[in-house]
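Welcome! Take a moment to look over the sequence and the 3D view, and then let us walk through a few parts together.

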Amino acid sequence: MQPAVHKSPMGESLLLNRPVLEVADLAVSFDNASNPGGPRIQAVAGVTMTLFPKQTLAVVGESGCGKSVTAMSAMQLIPRPPGRMDRGSILLDGNDLLSMSEKQMLSVRGSKIAMIFQEPMTSLNPVYSIGNQILEAILLHQKLTPQQAVERAIGALEEVGIYNRLKERYQNDLVALTKNKHHLLAEYPHRFSGGMRQRVMIAMALACQPRVLLADEPTTALDVTIQAQILDLLRQLQRDRGMGIMLITHNLGVVAENADVVCVMYAGRVVEYAPVFELFDRPMHPYTRGLFSSIPGLRNEMHRLTTVEDVTNNPAEFRKLPGSEKGVIPWWPHMPVEARPKLAHERDAYCLHQIEPNRWVGCWRTPELEAHASPKPSLDFRRHDESSIMPLGSR
Amino acid sequence: MNPTEPVRNPFPPQSLARRVAGVTEHTASPIRVRPSVGRGIATWLLAALLVSIGVLAPWSFGRVDLPGGTQTPRWAAQNLQLSLLPPSWLSDEQVQQRVQSAVQTGQYVPGRWLGTDRIGRDVFARLVAGSAISLTLGLCAAAAATMIGVVWGTVAAWFGGRVDAILMRSVDVMYALPSILLATLLSVAVDGIADRSLQDVSPALRQLINLLTMLVAVAGVGWLTMSRVVRGQVLSLRERPFVEAARAMGAGNRRIFWFHLLPNLAGPVAAYAALAVPAAILSESFLSFLGIGIREPLPSLGNLAADGLPELNLVKGRWWLLAPPCVVIALALLSLNFAADRLRDRLDPASPG
């Protein structure tokens, strides 16, 4: 099979079936401030995931399950101490980010891997104009003349659609349009709405053509219409540039609309890893089933809502995996000890097991599962595969 | 008045409604908000005060007896005939005669626009010179306090941990000492050292030492609050999302400190520094009033007021000695406070002013 290749607008071509970001067995813990001598707080305990170019990997899970810590570890933005990388690696294009020095990270952050945050209202520095902030993002990584940098900044804002209204207004007046574009660069963030600020944040994050974008709940603070616009924008930019997006969210609707691959996390571990359609059709882990069954529907308003606990407290739910009679039982930290299968080690009770070719589920690590280790979760799958990827030979 | 002429309602109903709603015909845009009344005036007042003091100061210093100065009119006027004269625009027959006789005998007669003090010196000249000294001292002390406080507070907040604990506990300790006690100890100690080690100190040098001691005493108390304010600001700023966003963009520690923290610090620091100027003036005046500050013959707003207080009694109210320094202190404090307000608004890009 010939490798699929994406031609980016900058002219470089990138191999699509080589992962751009690989997180392997990452474990991050924090000092316990209220009990300094006690056990450390394990925020992430062995997370493995793979992101391909042009792919959107949605990371879902409840608050505190380690989604953001995983993303922040990839940026090396976890303050150490109190944080500590216990084990694992994060490979960006094959280079381990965790072993890089702070100086090397400075040149990687923002240029190879970028991040957008949940709070567009406070993520921009209030004392600088947005033009200044985009220029900073550009000039931190590229050597350009001021003239070129301003042009690049205008281009970046153009890409995120800030100027759409201006273009409507000054359709025939190119001079006025250019003038107003420059005026907009000099505006301060407080004059912008939440959606516009998030667009500016995206422009800043993408100003240096990063390979990977970590979007940490980028639409949580926005209303539904703006949410849809921002996600559309991200998808379009992803298509143009072929970058991988790690989309962290609570919103299963956003996942269903945007994700290619979904990684469900619980208590610092991956409990399910699957292509989006298969996951929604046939959730395998009881926790995932609980999540889906707790979405309120329009029809069944007379009944009490099913909660996650309703599902995970039912022992029958844990015996539905293929091979459950041989001890393939979904990992669940709240399972009573007598109900758990016989473990290979008392300490290391969890492993991510490949149930089907495309499906990974977090299971108890029984001696049988340990005997044949599962491959790392890695799904080179995109929902719009045919339209966006051209095999090299077809060009 | 012609009874047939219809009586016009001075408040037509429409305009009344508009007035109640706060709408005027010419409201250009709802965004334009007037800065609060008086700040503009106060800023001009401050400017006028500073300019007039600056212009008059050289003249006034010629009339205040400074050691090594060209004139010593104080001694010329040391004459009970000319002491405690009321302002020239209030003088009655008797006063006129006293002045006339002094002029005829060829004695030095000081200007009397605000009267003369107990030993016959011109109050106005001393007021201007005293204002210049007090304001300069206040500005310098506030500047010094701001510099020390900003460095101390940012270092404490930026490095945190043990550095923070040591720096801020030392501030707490100094805070707990009464500032008057500190100032008294300082001036007494400096005096003693100057007496012992510098024999035959010229009076001019002595006064310079006096001024510098006051500067150290006032600034040495002022920076404590500043360092606390700055530390709190830096602690809150460094946790703001925009700092994290800048880090995610690849900005290093140094860049974040100089380009993201300090500009955000400028607003509160400038406002607080501007407030520290009147505070420094006030504490200098207070110390001088108590007699531990700037000493005679150098005038300052504080010791002028201290001079004037005993002259205000039931028998004879010589108000022209006490009122002028008090009015100048009040005006300076008011206008500096307003100017600080305005400065803070101007440095905040989100404010309409």
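Ser179(B), Leu182(B), Ala183(B), Leu186(B), Ser187(B), Val190(B) and Ala194(B) of helix H7(B) meet Arg206(B), Ile209(B), Thr213(B), Val216(B), Ala217(B), Gly220(B) and Val221(B) of helix H8(B). Residues are in contact here if their C-beta atoms, placed from the backbone, lie within 7 Å. By class, this contact of H7(B) with H8(B) has nine nonpolar, four polar and one charged residue. Ala, Val, Leu, Ile, Met, Phe, Trp, Tyr, Cys and Pro count as nonpolar, Asp, Glu, Lys and Arg as charged, and the others, Gly among them, as polar.

Before going on, a word on the model: it is predicted, with local features needing pLDDT of at least 70 and side-chain atom pairs counting only at pLDDT 80 or more, while totals for chains, interfaces and linings use all residues. Residues are numbered from 1 along each chain as its sequence is written, and chains are lettered from A and ligands numbered from 1 in the order in which they are written.

How do the two helices lie? H7 (residues 179-197) and H8 (residues 203-238) of chain B pack at an angle of about 150 degrees, with axes 10 Å apart. H7(B) and H8(B) are therefore roughly antiparallel, a term for angles over 145 degrees. Their crossing is right-handed.

Now to chain A and its strand S14. Which strands pair with S14(A)? Strands pair if DSSP finds at least two bridges between them, and the table shows the two partners.

| Strand of chain A | Residues | Bridges to S14(A) | Sense |
|---|---|---|---|
| S12 | 269-275 | two bridges | antiparallel |
| S13 | 350-356 | six bridges | antiparallel |

Tyr273(A) has Trp360(A) in S14(A) as its bridge partner, and Leu352(A) stands opposite Gly362(A). A hairpin of two residues joins S13(A) to S14(A). S14 (residues 359-364) of chain A has six of its six residues buried, so the strand is largely enclosed by the rest of the structure. Buried means that 20 or more other C-beta atoms lie within 10 Å of a residue's own.

Helix H11 (residues 286-293) of chain A is mostly covered too, with six of its eight residues buried. The cover over those buried residues includes S12 and the helices H9 (252-258), H10 (276-281) and H12 (308-312) of chain A.

Finally, the chains meet: 23 residues of chain A are in contact with 16 residues of chain B. Helix H2 (102-108) and strand S8 (113-116) of chain A each supply at least two residues of the side of chain A that touches chain B.

Notes:
Buried ≥ 20, exposed ≤ 12 C-beta atoms within 10 Å, placed from the backbone. Helix = DSSP H or I, 4+ residues; strand = E, 2+ residues; numbered from the N terminus. Axes fitted to C-alpha atoms, helices over the stretch in contact; angles between N-to-C directions. Parallel < 35°, antiparallel > 145°, perpendicular 65-115°, else oblique. Left-handed = near helix turned anticlockwise from the far one by under 90°. Contact = placed C-beta atoms within 7 Å.
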